[in-house]
Amino acid sequence: MKTKRKIGKIFYHVIVCGLGLVMIYPLVWMVMSSFKETNTIFLTAGQLIPEKFVLSNYINGWKGFAKITFATFFKNSLFIAVVATMGTVFSSALVAYGLARCRFFGRRALFVAMLLSMMLPAQVLMIPQYLWYQKLGWVGSYRPLILPYCFAIQGFFVYMMINFIDGIPRELDEAAKIDGCSYYGIFSRIIMPLISPALITASIFSFMWRWDDFLSALLYINESAKYPVSLALKLFCDPGSSSDYGAMFAMATLSILPAVIIFICLQKYLVEGISTSGLKG
Amino acid sequence: MKDNKGAGLKHFLNKESTAGVVFSLPFIIGFLLFMVVPMGISFYYSLCDYNILSPPVFAGLKNYIKMFTDDKVFSQTIGVTFYFALVSVPLRLIFALMVAMLLLNTTKATGFYRAAYYLPSIIGGSVAVAILWKRMFATDGVVNHLLGIMGIQTSFAWLGNKNTAIWTLIILAVWQFGSSMLIFLSSLKQIPVTLYEAARVDGANKFSQFFKITLPLLTPTIFFNLVMQMINGFLAFTQCFIITQGKPLNSTLFYTVYMYQQSFEFYNTGYGAALAWVMLGIIGLITAILFATKKFWVYTEGV
Amino acid sequence: MKKRIALLMAAAMAAASLAGCGGGTSTTADTTAGSAAEDTTAASSGNAGGDTKLTMSWWGNQVRNEKTQAALDLYAEQNPGITIEGQFSEWSDYWNKLATSAAGQAIPDLVQMDYSFIDQYVKNGLLVDLKPYIEDGTLDVSNISENTIASGTVNDGVYAICAGINAPSLLYNKTLLEENGIQIKDYMTTDEFMDVCRQVYEKTGYKTNIAYYNAGAYLDYFMRGYDVVLYGDKKMGGTVNDYLPFFQMYETGIKEGWFIDPGVFAELSIGSVEQEPLVYGSGPETMSWCAFYNSNQLTAIQKAAPEGMEIGITTWPSADPKKSGYLKSSMFFSVGAHTKNPEEAVKVLNFLTNSSEANNILLGERGVPASSVISEELAPKMSDVDQEVIRYINEVVTPNCSPINPPQPDGASEVSNLLNQVQEQLCYGAYDAATAAEEFFNGANNIMNKK
């Protein structure tokens with residue numbers, strides 16, 4: 001019996017590992033490419049291990065553009081992604097609770113509006129949004145990249161949290177209500193702690209999406225010193241003239257690090273948050 | 001007197017209908033402030049001749065009529081997009097659920113595994129993925145190499161053939177299943193352990209536990225993922241934009257990429273807006289159908 | 001409880017940092033003024049303190065960004081009270097951003113322009129006519145040839161100044177051809193060119209790429225050999241039959257096997273120098289002995305080439321290459337119509353064009369400098385490859401060239417896309433040359449007469 005379980009365990013790890021390798025192969029390829037000499041990247045794309053490990057891509061890439069180093073770009077991205085994420089997660093949780101637990105006039109309409117706002121391709125809103133933000137005097141600042149997200153504008157997160165709140169027994173709310181707890185108290189004392197896995201999941205997604213978003217940065221940020229990483233990365237490759245793919249890969253490798261670190265740190269709570277939440281029924 | 005008023009306000013705020021509105025306030029403001037105006041403008045553009053550089057000129061339904069009468073590519077891209085969405089979304093969800101089940105176990109390596117499976121979604125639509133994906137499916141790429149090892153010698157051009165090119169994009173979409181997986185993972189953890197314990201006492205094996213407990217309790221999350229991924233699938237842009245640009249022979253031209261070309265490459269921006277609104281109609285309809293089926297298979301009773 | 005505090009703090013921080021980026025959501029005009037330092041258009045109006053801030057935008061790579069910003073900084077240093085902010089992006093992002101800011105009436109003071117966009121921008125009143133500034137001497141064009149000035153002229157107005165002279169050029173694998181004793185001469189006709197393609201294919205197995213999926217400019221050049229101007233007024237020039245030879249060239253190539261299999265291109269990013277089949281591919285089957293480019297791209301192609309491959313440069317083939325040949329600008333500088341300080345912007349333009357200090361920084365990175373004085377001065381400082389480009393332009397193209405066709409009208413990008421599609425059908429064997437010519441001609445006319 002014991003050996004059978006052991007074999008099963010080994011079998012499990014072999015499968016998970018094997019599949020995992022397939023999953024991360026591209027990433028490994030990118031990291032490896034960042035250590036290749038920049039003019040050999042395409043010619044040796046078929047082989048994984050560089051013939052010669054060089055660090056020049058990192059040095060050259062970090063230098064950035066016109067005296068603005070990647071330190072600046074990283075700082076900008078961090079600011080945008082962190083603030084926008086906090087705004088999104090908190091506001092989405094509020095709205096999700098309202099839509100999930102309170103019956104009020106216009107609830108269905110709001111839900112439909114939320115879904116509808118997800119169904120228009122982002123590209124088509126580029127110009128109208130630009131014109132509108134220009135009217136508001138926001139062009140050239142980070143406001144268009146941050147403020148809208150503080151108003152639960154991404155239906156995805158709201159809907160995700162609604163779904164999560166639906167999974168929490170209503171009896172908990174009822175019990176609290178009998179104890180004299182207001183809706184606001186229920187939200188902050190009961191719901192918020194219980195949906196922490198959803199909050200963490202949402203934070204991971206939101207951080208990643210804000211970090212990767214380059215379209216709004218392209219339109220609204222004029223000053224090069226305010227560029228986020230996502231936009232700066234694109235500057236290495238200009239079709240028609242020489243592109244520095246080595247530097248691009250090097251900085252792309254660095255640019256996924258924050259998301260990876262955040263994921264590794266938070267995924268632990270993803271599990272813990274629930275097992276300690278006392279959802280024993 | 002003052003106290004009374006305060007209490008009245010407090011009472012008012014704590015009414016269910018008021019609380020609902022108060023909690024929803026961020027979205028109400030955000031929607032009115034950031035969505036309604038741009039959406040309105042874009043709808044107006046869809047009724048105009050507009051080329052970005054000069055002001056729009058009202059043209060009635062011209063753009064919509066052109067779409068259905070004088071645009072062969074339109075129907076082609078609709079076909080491609082439906083194919084892509086209807087194939088990739090179920091595959092992606094099944095894959096995400098399977099991996100989530102696999103990674104539910106907590107061993108020492110779980111954190112590492114989860115990160116590994118989530119990584120492809122982190123690198124998203126970067127240039128690196130574009131280059132790599134083309135390399136993998138090249139005539140002398142990894143895929144053909146692997147087939148060679150399995151005894152199938154081939155130098156098939158996966159990207160160059162109009163029947164297979166779309167599959168390279170589908171595989172890319174399936175490969176980036178991380179977000180659905182995470183949502184499944186966190187919902188799986190929400191299922192009370194007591195239910196499994198009870199089932200084990202009743203002698204149910206892992207299989208019937210999965211089908212009798214896990215799956216039904218997971219249906220709300222499956223539904224959520226399905227709706228979201230359907231919307232994403234129909235609005236898919238990056239895969240096509242960075243890898244195939246619609247080649248060969250428009251066999252991989254996504255609807256949104258075509259819309260983008262019309263808007264920003266050909267400067268038929270009014271037409272592009274009209275395309276977007278038709279897509280909204282299509283997705284809206286599909287979502288409505290999904291919601292209509294909800295009551296037949298989604299488990300809604302509280303746990 | 002801890003979580004709650006953390007969240008509250010998060011919310012508070014969010015609020016605080018937002019306040020930091022410039023205050024509330026007030027929609028009045030004073031918000032704009034308040035964020036003047038960040039806003040392009042508002043900034044240039046802030047002339048009260050004698051400080052003028054200009055913005056200049058361009059597309060390009062790391063090297064160009066570096067050099068251009070350095071030149072602009074030098075100008076700011078020499079002209080106290082003026083600062084110039086560079087905004088740079090990659091090609092397609094650049095045009096999206098520029099078009100969007102055009103919609104918002106907020107084009108930067110100085111913009112880099114391309115020949116294929118100039119017509120649309122001028123027609124919509126988005127660029128400043130520089131003629132008055134040339135007449136009053138703010139902008140000195142005395143060292144720029146008439147032909148070069150003409151290339152930035154639309155409807156009698158000068159809207160753009162050449163930032164680098166360029167010529168269409170066929171770049172080829174000189175090493176390969178020399179090893180196999182194949183001769184290349186300048187001014188090859190289409191037939192001579194196809195003979196070379198056959199020879200190369202027979203002797204080496206290397207194939208040919210004739211501007212696949214990117215042939216808009218080449219078709220224009222090709223038609224000039226038949227005295228046909230590609231774009232007429234709301235229609236295409238010539239007749240269906242005039243277009244037949246162009247598509248026949250591809251048909252022949254596919255039939256005889258020397259044209260690269262179109263499937264190969266699906267694995268590449270077309271237009272990216274590093275992935276051009278001339279320098280990149282797994283073997284002769286997927287590589288080309290030549291590439292259709294412009295002279296300023298020789299440096300980039302040579303840089304991307306594997307070690308030991310020398311790249312040669314000659315003219316594009318056509319029925320009569322001497323008739324086809326033209327000089328063009330690799331790119332232009334223009335002044336945006338929404339600028340508050342056209343005078344200052346023109347001065348910067350003049351600096352970039354005529355200052356030897358500025359050009360010693362720029363070093364002809366955008367192509368051979370338009371001013372003959374500057375280009376002579378710079379020539380000895382340039383690399384061997386750049387000198388080869390100068391030789392090609394001065395000795396090969398200039399003696400036989402004629403003025404370039406008028407800039408592409410609205411609709412041209414859609415026509416180019418149609419050309420790609422037709423070419424694709426042809427190369428995949430779905431069309432024959434006659435069908436391709438017909439589909440293209442009718443389709444293109446259809447597009448043009450709706451504009």
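In chain C, 5 strands come together as an open sheet with the order 2-1-3-10-6, and their pairing is mixed. The model described here is a predicted one. Strands of a sheet pair through backbone hydrogen bonds, and the pairing can be parallel or antiparallel. The edges of this sheet are taken by strand 2 (82-89) and strand 6 (161-166) of chain C; each has a single partner strand, so one side of each is left without a neighbour in the sheet. From one strand to the next, the twist averages 15 degrees.

A helix also belongs in this picture. Helix 16 of chain C, residues 342-354, packs on the sheet and touches strand 1, strand 2, strand 3 (110-113), strand 6 and strand 10 (328-335) of chain C. The direction of helix 16 makes about 150 degrees with that of strand 10 of chain C. For a look at one pairing within the sheet, strand 1 (residues 52-59) and strand 2 of chain C run parallel and are joined by 8 bridges. Within this pair, Leu54(C) stands opposite Ile84(C), which belongs to strand 2 of chain C.

Taken as a whole, chain C has 21 helices and 10 strands. Of its 451 residues, 52% are buried. Contacts in chain C between residues at least 6 apart in sequence were also examined, and 75% of them join residues at least 24 apart.

Thr239(C) sits in the loop that links helix 11 (216-224) and helix 12 (240-256) of chain C. Is Thr239(C) buried or exposed? With 11 other C-beta atoms within 10 Å, Thr239(C) is exposed, because a residue counts as exposed when 12 or fewer such atoms lie within that distance. Between the C-alpha atoms of Thr239(C) and Lys340(C) there are 47 Å, and these residues are 101 residues apart along the chain. The other loop residue, Asn155(C), lies between strand 4 (153-154) and strand 5 (157-158) of chain C. Asn155(C) is exposed as well, having 10 other C-beta atoms within 10 Å. The phi of Asn155(C) is near 45 degrees, a positive value in a residue that is not glycine.

Ala152(A) is placed in the loop between helix 6 (143-146) and helix 7 of chain A, and its phi is positive, about 50 degrees, although Ala152(A) is not a glycine. Ala152(A) counts as buried because 30 C-beta neighbours lie inside 10 Å, and 20 or more are needed for that label.

The UniProt record, an unreviewed entry, places the feature "domain: ABC transmembrane type-1" at residues 74-266 of chain A. This span is 73% helix and 0% strand, with its end C-alpha atoms 21 Å apart. For chain B, UniProt lists a feature with the name "domain: ABC transmembrane type-1", again from an unreviewed entry, at residues 78-290. Over those residues chain B is 74% helix and 0% strand, and the end C-alpha atoms are 19 Å apart.

How do the chains meet? The contact between chain A and chain B takes 79 residues from chain A and 74 residues from chain B. Several helices of chain A give two or more residues to this contact, among them helix 1 (2-33), helix 3 (70-101) and helix 13 (245-275). Helix 13 of chain A provides the largest share of the chain A side, 13 residues. Sorted by class, that side holds 58 nonpolar, 14 polar and 7 charged residues.

Chain B itself is divided by the domain assignment into domain 1 (1-46) and domain 2 (66-297). The C-alpha centres of these two domains of chain B lie 35 Å apart. Their contact draws on 4 residues of domain 1 and 6 residues of domain 2. On the domain 1 side there are 2 nonpolar, 2 polar and no charged residues. Pro248(B) is found in the loop between helix 12 (238-244) and helix 13 (255-265) of chain B.

Key: Residues numbered from 1 in each chain as written. Chains lettered and ligands numbered in written order. Predicted model: local features only at pLDDT ≥ 70, side-chain atom pairs only at ≥ 80, totals over all residues. UniProt positions renumbered as here; feature names shortened; annotations may be inferred. Helix = DSSP H or I, 4+ residues; strand = E, 2+ residues; numbered from the N terminus. Domains from an automatic or database assignment. Contact = placed C-beta atoms within 7 Å. Nonpolar A, V, L, I, M, F, W, Y, C, P; charged D, E, K, R; others polar. Pairing = 2+ DSSP bridges. Axes fitted to C-alpha atoms, helices over the stretch in contact; angles between N-to-C directions.
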